[in-house]
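Below are some notes on the packing in this model, for your review. Please read them with the coordinates open.

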Amino acid sequence: MIRDIQLAPSGQLKIDWVEQHMPILSQLKREFSERKPLAGKKAVICLHLEAKTAYLALTVQAAGAEVAVCASNPLSTQDDVVAALVQNGVTAFARYGASDEEYKLHLNKALDFDPDILIDDGGDLVSLLHSERKEQAQKIIGGAEETTTGILRLRALAREGLLQFPMMAVNDAQMKYLFDNRYGTGQSVWDAIMRTTNLVVCGKVVVVGGYGWCGKGVAARASGLNARVVVTEIDPIKANEALMDGYEVMPMIEAAKIGDIFITVTGNRDIVRKEHFEVIKDKAILSNAGHFDVEVNKEDLKELSTSVKVVRNNIEEYTFADGRKVYLLGEGRLVNLAAGDGHPAEVMDLTFALQALSLEYLINERDNLRAEVYSVPEEIDRKVATLRLGALGIEVDELTEKQKQYLSSWQE
């Protein structure tokens, strides 16, 4: 279920490009091709379907698995890349701009593939397996989750004793959140906003909703673009951190009055809502970098608006009764993927290496794992870090025996 197989040559060029800039995944692909650690298994990958994800799918395929893919967001699917995957022997159920009904159908079709293992992004596959396809959930060996949002959903299932198979919390690995969340989100969000709006950033007030690792990256890049950065938070510790990083901190109701560009990145809903729209600055730009399109309340926007129209690709203009206008980017979905190409290849090389190694870990340790949310083992985290340094030709020091003894003793 794809747009057009004739688009494959264009998609293959994109995959070939990222392959040149993802050395860790390339090394794992070579190793997997020899060892075939996933031989005889079926894997479903539910991620943003662009070139970097495609290369992950081909790496999993090289490990011996039969692979099917579906989208975790209908606006991030690149039809030419999906066509190229199909031409490479991967089964695909995805097309750009799929309706809600088609999106749900694609998820179900992917599960009809009867996977043994899975990679999820936001928890939609896992949620379906624990609601409408409970019988199938008992057959799943395990899976790996990409995002903060998905892990929140997994932990909720686990707390209620409902989780049916082990899941690896890839997002919580250091080689994921320190780099993907911070530097990947920071760069790709601004790539998308600047490409989509073609407006200047320097001198503007940028409001960042949430100061987790993604928020830190978005704020740092905004500062680097010479914007004035305001952070909104509910956590007093993170608020203090934002202050000491040099940013202003205030409630959203106050930030709404002065912000020129808003970026929500919390994993929660209604970060910008009716009371904020009622006082928001004229011509404010609204964007979201959280997984689901619920952080900017679109229902409230429509209720307050007298007209809604598309004024530029991926920009909707909402006009209020008093004449003020606000602009919503990418339908309030993940702006870096809905209106851009997502994270840089070198950053996703780290995350997707963790994903590939986590799948191998699930297969190797399946007899020892219960239906829980597991951290990525430290040895996998460190292996990815070491492979990255090796790919860059960088060496680090090692502890001497005397230093090891010193660190392990309570005596000087």
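1. For the helix pair in point 2, axes are lines fitted to C-alpha atoms, taken for helices over the stretch in contact, with angles running from 0 to 180 degrees between N-to-C directions. The model is a predicted one.

2. Helix H3 (residues 51–62) and helix H16 have axes that come within 10 Å and cross at roughly 30°. Because angles under 35 degrees count as roughly parallel, H3 is roughly parallel to H16. The crossing in which H3 passes H16 is right-handed.

3. Which residues make this contact? From H3 come Lys52, Thr53, Leu56 and Val60, which meet Ala345, Met348, Phe352, Gln355, Ala356 and Leu359 of H16. By type, the residues of the contact between H3 and H16 are seven nonpolar, two polar and one charged.

4. The largest nonpolar core holds 56 residues, and Val60 and Val69 have the most contacts inside it. Its biggest contribution, eleven residues, is from helix H16 (residues 345–364). A separate core of 27 residues lies apart from it and includes Ile193, Val218, Ala242 and Ala339.

5. Leaving out residues up to four places away in sequence, Val69 touches Ile45, Leu49, Ala57, Leu85, Val90, Thr91, Ala92 and Phe93.

6. Ser99 sits in the loop between strand S3 (91–93) and helix H5 (100–112). Is Ser99 buried or partly exposed? Its relative accessible area is 29%, so Ser99 is partly exposed. Between the C-alpha atoms of Ser99 and Leu359 the separation is 30 Å, and these residues are 260 residues apart along the chain.

Key: Residues are numbered from 1 along each chain as its sequence is written. This is a predicted model: local features need pLDDT of at least 70, side-chain atom pairs count only at pLDDT 80 or more; totals for chains, interfaces and linings use all residues. Side-chain values use heavy atoms; hydrogens and water are left out. A nonpolar core is a set of buried Ala, Val, Leu, Ile, Met, Phe, Trp, Tyr and Cys residues joined through side-chain atoms within 4.5 Å. Buried means under 20% relative accessible area, exposed over 50%, partly exposed in between (1.4 Å probe, protein chains only). Helices (H or I, at least four residues) and strands (E, at least two) are DSSP runs, numbered from the N terminus. Contact means heavy atoms within 4.5 Å. Angles under 35 degrees count as roughly parallel, over 145 as roughly antiparallel, 65 to 115 as roughly perpendicular and the rest as oblique. A crossing is left-handed if the near helix is turned anticlockwise from the far one by less than a right angle, and right-handed if clockwise. Ala, Val, Leu, Ile, Met, Phe, Trp, Tyr, Cys and Pro count as nonpolar, Asp, Glu, Lys and Arg as charged, and the others, Gly among them, as polar.
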